[in-house]
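Here is a short briefing on one protein chain. Look over the sequence and the 3D view, then read the points below.

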Amino acid sequence: MAVCFALSIMSGLGASQTTAGQPELRSHVNPNDAPIESLVRLPGLGVGRAGAIVAYREKLRKENGGSSVFDDCTDLLKVSGIGPKTLQSISEWLTFD
């Protein structure tokens, strides 16, 4: 039941079902303001890594007065759990407006 609910939420965030049952992205995600629900749509990111991005972002915003935390993809390498391989799989789906 929870899985169906999560997929329903993701469908409302610009995702559709692929034949394998995984959500397919239709739009880019900005890690500077995306909620966990949007970040988990990215390939290879689960709730833990998505939560780490949000926690890191919020921590730095408090320290820096609310400015953008991520200027480009490489800034995500500072987040625990995000390495070069993960970055490579998600970089095409990121935007930094």
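Helices (H or I, at least four residues) and strands (E, at least two) are DSSP runs, numbered from the N terminus. On that basis, the order along the protein chain is α-β-β-α-α-α. The tally is four helices and two strands.

This is a predicted model: local features need pLDDT of at least 70, side-chain atom pairs count only at pLDDT 80 or more, and totals for chains, interfaces and linings use all residues. Residues are numbered from 1 along each chain as its sequence is written, and side-chain values use heavy atoms, with hydrogens and water left out.

**Confidence**

- pLDDT is the predictor's confidence in each residue, from 0 to 100.
- The protein chain has an average pLDDT of 80, and 73% of the residues score at least 70.
- Confidence is highest in helix H2 (residues 36-39), at a mean of 96, and lowest in helix H1 (residues 2-12), at 36.
- Over residues 1-22, pLDDT stays under 50.
- A contact means heavy atoms within 4.5 Å. For residues 1-22 the model has 29 contacts beyond four places in sequence.

**Surface and contacts**

- Buried means under 20% relative accessible area, exposed over 50%, and partly exposed in between.
- Of the 97 residues in the protein chain, 30% are buried.
- Among contacts with a separation of 6 or more, 44% join residues 24 or more positions apart.

**The nonpolar core**

- A nonpolar core is a set of buried Ala, Val, Leu, Ile, Met, Phe, Trp, Tyr and Cys residues joined through side-chain atoms within 4.5 Å.
- The largest one has 18 residues; Leu39, Leu42, Ile53 and Leu76 touch the most other members.
- H3 and H4 are the elements that give two or more residues to this core.
- H3 gives the most, with four residues.

**Around Phe70**

- Rings of Phe, Tyr and Trp (its six-membered ring) pair if their centres lie within 6.5 Å; planes under 30 degrees apart count as stacked, over 60 as edge-to-face and the rest as tilted.
- The count by this rule is one aromatic pair.
- Tyr56 and Phe70 form this stacked pair, at 5.9 Å centre to centre and 25 degrees between the planes.
- Tyr56 sits in helix H3 (residues 47-64), while Phe70 lies 14 residues away in the loop between H3 and helix H4 (84-90).
- Phe70 counts as buried because its relative accessible area is 1%.
- Asp75 is also placed in the loop between H3 and H4.
- Asp75 is buried, at 12% relative accessibility.
- Leaving out residues up to four places away in sequence, Asp75 touches Val69 and Phe70.

Conventions
Buried means under 20% relative accessible area, exposed over 50%, partly exposed in between (1.4 Å probe, protein chains only).
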